[in-house]
Amino acid sequence: MALTSIANSTAGGGKAQEATASTYKTQISWGNSSNASTTAGFGGPRRSRLYDILVGFPSTPGDTAIELDVLRVSLGSTPSGITPISSLSSNFMLDPADQGFTSFASINSSAEVGITALAAEPWYLPLNQRASYRWICNPGSEIVVAAVSSGSGNNGLAFRGRSTSYTGTIGVTNFFNES
Amino acid sequence: MRNPHGYAQIVSDGKWLAKGIDRFRCEEIPSGTWESDTVTCGHWRESLEYTGPCCRVIHVKPRMDPADMGGLCKQCMKWICPQCVGKGCTPLEKGIEAWEERERRLKEYGA
């Protein structure tokens, strides 16, 4: 089982962070999409799990609230506004011996895609800008992404953030495993 | 709580009010470290609003009323979130396997 750590920084490659706004901005998206440039495995949908979330705010501390959530999304074949980092997947593996992940992954989207009115929200937290947060779960209690394509829907996860007053960036790291 | 599913931690330099943790409760977060056990919903949700894996994470407040966390499904003996209470029992793993099998069958038929 390949373990992956994806941070929305450009350290592993990818797009620069977006400023927070009053509408949700996707920081990290992950799931099954034929747009994924696979570097490992046979391609196709994979079952994966989100098991660790770390959040912090790099701007000057202030008393503002930022809403954060993880939303189920449907990632189609060509998610616009989302630049995949799947071709750089080997940069994000916890074990350097792992070749890479097969799922689709992107950071700091400039457009929100795959979000439907009927989506579920597995995780939600309002967090003060002065605070940092971590959630980690036991094996078997992860947020699971089923190995299905966008035709079945809800085949991905999006970590998003918004605030009515905070305009800085959000630092997020998500850990996934893929089987 | 006994056998939590996960663990959450907030480190803050001052106290503040978290309005709407898990979208249903408010809590004052103290200065320093705030810790919370979490439970993850173990049901597959099938309703008019949403069909798919649930896996909703609930932060458990000490001495919290179990009914506020959702509940314990007496059929599969898994913790479930408030949204899955009273909507039948389809365990998460069973639902995901059926969903993936459906897609495999559709591909075989060329759909």
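I began with chain B, which reads β-β-β-β-β-β-β-α-β-β-α along its sequence; helices (H or I, at least four residues) and strands (E, at least two) are DSSP runs, numbered from the N terminus. That gives chain B two helices and nine strands. The radius of gyration of chain B, taken over C-alpha atoms, is 17 Å, well over the 13 Å that the globule rule gives for 111 residues, so chain B is more spread out than a compact globule. The rule I used is 2.2 Å times the number of residues to the power 0.38. I also looked up the extent of the C-alpha trace of chain B, about 60 × 30 × 25 Å along its principal axes.

A note on conventions. This is a predicted model, in which local features need pLDDT of at least 70 and side-chain atom pairs count only at pLDDT 80 or more, while totals for chains, interfaces and linings use all residues. Residues are numbered from 1 along each chain as its sequence is written, chains are lettered from A and ligands numbered from 1 in the order in which they are written, and side-chain values use heavy atoms, with hydrogens and water left out.

Next I went through strand pairing within chain B, where two strands pair if DSSP finds at least two bridges between them. Strand 1 and strand 4 of chain B run antiparallel and are joined by seven bridges. In this pairing I noted B:S12, whose bridge partner in strand 4 is B:G32. Strand 4 of chain B also pairs with strand 7 of chain B, again antiparallel, over four bridges. There B:T40 has B:V57 of strand 7 as its bridge partner.

Strand 1 of chain B has a partner in the other chain as well: strand 7 of chain A (residues 132–137) pairs with it in the antiparallel sense over six bridges. I found A:Y133 bridged to B:I10.

I then turned to the interface. Contact (heavy atoms within 4.5 Å) takes in 39 residues from chain B and 37 residues from chain A. The two chains bury about 3,000 Å² between them, 50% of it on carbon and sulfur atoms; buried area is the accessible area (1.4 Å probe) lost on putting the two parts together, summed over both. On the chain B side, B:R23, B:W99 and B:E103 lose the most area to chain A, together 19% of what that side buries.

I looked up polar contacts across the interface and found 20 residue pairs, both residues at pLDDT 80 or more. A polar contact is a pair of N or O atoms within 3.5 Å; within protein, one must be able to donate a hydrogen and the other to accept it, and residues adjacent in sequence count only if both atoms are side-chain atoms. Helix 2 of chain B gives nine residues, the largest share of the side that touches chain A.

Last, salt bridges (a side-chain nitrogen of Lys or Arg within 4 Å of a carboxyl oxygen of Asp or Glu). A:R47 meets B:E93 at 2.8 Å, N to O. B:E100 also forms a salt bridge with A:R47, at 2.7 Å between the closest N and O atoms. This pair runs from helix 2 of chain B to the loop between strand 2 (25–31) and strand 3 (48–56) of chain A.
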